[in-house]
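Have the viewer open while you read.

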Amino acid sequence: MKGFRVFACCLALLVPPLACQAQGTVQQAVSITPNFKDADIQQIVQAVAAATGKSFIVDPRVRAQVTMYSSAPMTPPAFYQAFLSILEVYGFIAVPSGNNIEKIVPQQDAREMPSVDLPAQVSATSDEIVTQVVAVKNVSAAELVPILRPMVPEYAHLAAYAPSNILIISDRASNVHRMMEIIERIDQIGNQDVDVMPLQNASATDVVRTIDSLYQGAGNIQEGRNLRVVADERSNSVLISGDPAQRLRIKALVAELDTPAEAGGNTRVIYLHYADATKLAPKLKEQMSELAQISSAGGQTTGKNPQEAAEKNALVWADPQNNALIITAPPKVMRTILDIITALDHRRPEVLVQAIIAEIDVDKTEDLGVNWAAFSKNNTVPLGGYVAPVGGTSLVDLIAAGETGASSLESGAGDTLLSGTTIGIGSLTAAGESFAAMLRALQDNSTTNIMATPSAVTLDNEAATLKDVEEVPFVTGQYSTPTTTTTGSVTPFQTVQQQEVGIILKVTPTISASNAVMLKISVESSNVVGTTSTTLEEPETEKRTIQTNVLIEDGGVVVLGGLIQNQQTKDDNGVPLLADIPLLGNLFKSRNDNATRNDLMIFIKPTVLRDQAEAAAETSRDYSYMLGQQNSMVGGQFPQLLRGEPAPRLPPLPPPPPPGTLAAPNPLDQKPQAHKPQSQASPPAAGQAAPAQTGPAPPAPQATPSPPTQSNGSGATQGGGSP
């Protein structure tokens with residue numbers, strides 16, 4: 001109400017000039033500075049009517065509280081335009097009805113009300129409702145409706161009349177003026193001229209494909225830029241149509257692409273970094289044959305068969321000395337082959353496979369027994385007794401040793417005769433023994449703890465074999481001289497075959513996309529139980545093997561398998577009934593208890609080495625261990641008898657390369673690492689043409705020195721693991 005009172009004061013000053021105008025007198029123009037706060041829209045209509053001299057008919061549905069702030073004075077026409085803006089904000093419109101009368105109604109009724117129809121000029125700033133008909137000359141009016149519909153409000157009217165190709169727009173004047181400018185910009189005369197560019201070096205199809213990729217597809221070129229680029233394979237030409245400026249830009253781009261290759265001709269020399277040229281060349285030849293077969297199926301090859309077409313149009317052979325491929329092929333086939341080479345010729349990661357073979361053997365034996373015998377005085381016929389071997393020795397053996405005077409310390413005596421604790425008593429006479437007894441007790445405990453830690457470094461998908469074995473002879477056949485021969489003589493002979501006994505580790509790692517390692521493993525642990533190698537008899541061996549496929553995370557440890565044997569044997573020998581008598585029964589029995597236990601476990605740990613830094617770290621760990629062992633032997637507590645003879649020493653390791661040097665691609669990365677040349681003097685990367693020159697190929701870069709290792713012949717490196 002405060003704002004309205006201020007506005008009422010302004011109207012008091014405005015009424016005299018309006019009355020003078022009605023009487024035909026010319027008064028000085030006045031200005032209005034309206035400011036409203038929560039004023040009823042009905043009061044604002046009254047103020048506008050007083051300022052402009054218009055009459056307003058207000059619809060009963062027109063209700064609103066209006067707030068307006070202004071710091072600059074306005075003329076009555078400007079104040080009326082501000083009033084129209086107020087109506088637009090609050091969802092109402094002013095519809096002219098003739099004789100300076102305006103109707104204020106909700107804007108949803110705008111389509112049903114008459115407005116300023118077909119004005120000669122549509123104001124760009126007015127908010128009055130106007131209706132305009134726009135003639136479209138070069139494009140379809142119906143196609144413009146869905147494009148322009150989001151730019152007009154819901155109460156506005158936008159329609160196309162197809163027979164006359166016109167648009168009918170009914171909206172506020174400012175928005176109608178905006179639509180007319182947009183339609184004028186779209187309704188341009190298209191240029192239908194076509195430029196034909198014959199190509200001399202490049203393929204028209206490949207050039208068009210490149211341009212389409214550059215402009216994100218031919219459809220976007222046609223719709224967004226009114227431009228089309230088509231290839232004519234028969235004449236190897238590029239056809240360009242559309243806007244002249246766009247055609248000129250595309251023609252310049254085609255001219256840049258239609259340049260001869262730097263190497264000249266269709267022959268390339270590709271130096272490989274990691275792949276084997278002799279193994280890759282046959283596969284590429286097979287790929288060329290498949291490409292020729294596909295082209296033949298499409299009707300593009302006129303040869304007798306795909307193989308002949310491939311041999312006619314393409315050629316690939318390997319140069320083992322330089323590990324290079326020489327390829328002669330058409331440009332399209334050449335690009336396909338170069339892409340294959342680039343994808344295959346990359347550094348493969350290595351895998352360090354460490355195994356732990358732990359075996360514990362425990363063997364315990366206890367023997368306890370009594371032997372006794374009674375003889376007559378006149379002969380050696382025993383009257384009775386209990387004789388049974390205890391620990392391999394009986395009373396009879398003890399008496400025989402006493403009569404002959406032999407002992408276990410003399411040559412030729414049995415080693416088991418007096419082993420253990422043996423107590424004998426008896427009565428000896430000239431006619432023979434009249435009484436003899438023996439108490440014998442023997443205990444044997446043996447424990448074996450064997451642990452082997454074989455390890456091997458191999459490439460991904462390459463087999464590695466590590467052996468720590470002995471060659472044991474096995475007799476496979478023999479021939480001896482018969483007792484009688486008719487003519488001549490035959491020299492006896494034996495055939496012997498050496499077999500490996502020890503630890504054999506065979507492993508083939510495969511790195512999966514989740515950075516886990518799938519291992520195909522074969523572990524064999526064997527040893528000789530008993531052998532008489534001097535006579536070349538058949539030795540007795542025992543063997544434990546594991547063959548399995550496992551999936552292990554990088555750096556994880558898993559048990560491959562185990563074997564636990566626990567055996568206990570109890571042997572009681574005695575006289576029935578008598579052996580069961582308490583205390584006294586010990587004179588009629590002997591006991592032997594044997595317990596054996598064998599535990600075998602095999603553990604495996606793979607570690608992926610993706611670059612030289614990781615490989616150098618693993619090498620440094622084992623190398624430092626060997627240096628420490630060597631330093632403890634040289635110049636230690638042992639006296640040096642040979643003066644002037646330097647002890648062998650391992651050379652110090654070179655400094656490790658920085659992380660990421662010659663790194664293999666990681667499947668966990670979102671984008672594969674680009675293949676970069678190793679140095680300025682390195683050969684071209686896979687897929688890059690070698691410069692046209694004569695002479696030997698540049699040498700491949702040398703890797704960082706590493707400790708001496710042994711190769712197993714399949715690309716895998718063998719070496720011992722640290723304990």
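1. A cut-off to start with: a residue is called buried when its relative accessible area is under 20%. Ser-526 comes out at 10% relative accessibility, so it falls in the buried class. Keep in mind that this is a predicted model.

2. Where does Ser-526 sit? Look in strand β23, which runs over residues 516–530. Setting aside residues up to four places away in sequence, Ser-526 touches Glu-500, Val-501 and Gly-502, plus Glu-542 and Lys-543.

3. Met-197 is another one to click on. This residue belongs to strand β10, residues 194–198. Is Met-197 buried or exposed? Its relative accessibility is 16%, and the limit for buried is under 20%, so Met-197 counts as buried.

4. Leaving out neighbours within four places in sequence, its contacts include Asn-236, Ser-237, Val-238 and Ile-240. Lys-251, Val-254 and Ala-255 are in contact with Met-197 too. Ile-240 is 43 residues away from Met-197 along the chain, yet their C-alpha atoms are separated by 8.1 Å.

5. Helix α6 (residues 204–214) packs with helix α8 (residues 244–257) at an angle of about 130°, and their axes are 11 Å apart. That angle is why α6 is classed as oblique to α8. The crossing of α6 past α8 is right-handed. Which residues make the contact? From α6 they are Val-207, Thr-210, Ile-211 and Leu-214, and from α8 they are Ile-250, Leu-253, Val-254 and Leu-257.

6. Now helix α5, residues 173–186. Its 14 residues reach 20 Å from the first C-alpha to the last, close to the 20 Å expected at 1.5 Å a residue. Which of its residues are buried? They are Ala-173, Asn-175, Val-176, Met-179 and Ile-183. These cover an arc of only 160° around the axis, so they lie on the same side of α5. As background, an α-helix has 3.6 residues a turn, so residues three or four places apart point the same way.

7. What do the buried residues of α5 pack against? Their partners are β7 (129–135), α4 (141–148) and β9 (166–172). Turn to the other side of α5 and you'll find Glu-184 and Arg-185, which are exposed.

Key: Residues are numbered from 1 along each chain as its sequence is written. This is a predicted model: local features need pLDDT of at least 70, side-chain atom pairs count only at pLDDT 80 or more; totals for chains, interfaces and linings use all residues. Side-chain values use heavy atoms; hydrogens and water are left out. Helices (H or I, at least four residues) and strands (E, at least two) are DSSP runs, numbered from the N terminus. The expected span of a helix is 1.5 Å times one less than its number of residues. Buried means under 20% relative accessible area, exposed over 50%, partly exposed in between (1.4 Å probe, protein chains only). The arc is that of the directions from the helix axis to the C-beta atoms. Contact means heavy atoms within 4.5 Å. Axes are lines fitted to C-alpha atoms, for helices over the stretch in contact, and angles run from 0 to 180 degrees between N-to-C directions. Angles under 35 degrees count as roughly parallel, over 145 as roughly antiparallel, 65 to 115 as roughly perpendicular and the rest as oblique. A crossing is left-handed if the near helix is turned anticlockwise from the far one by less than a right angle, and right-handed if clockwise.
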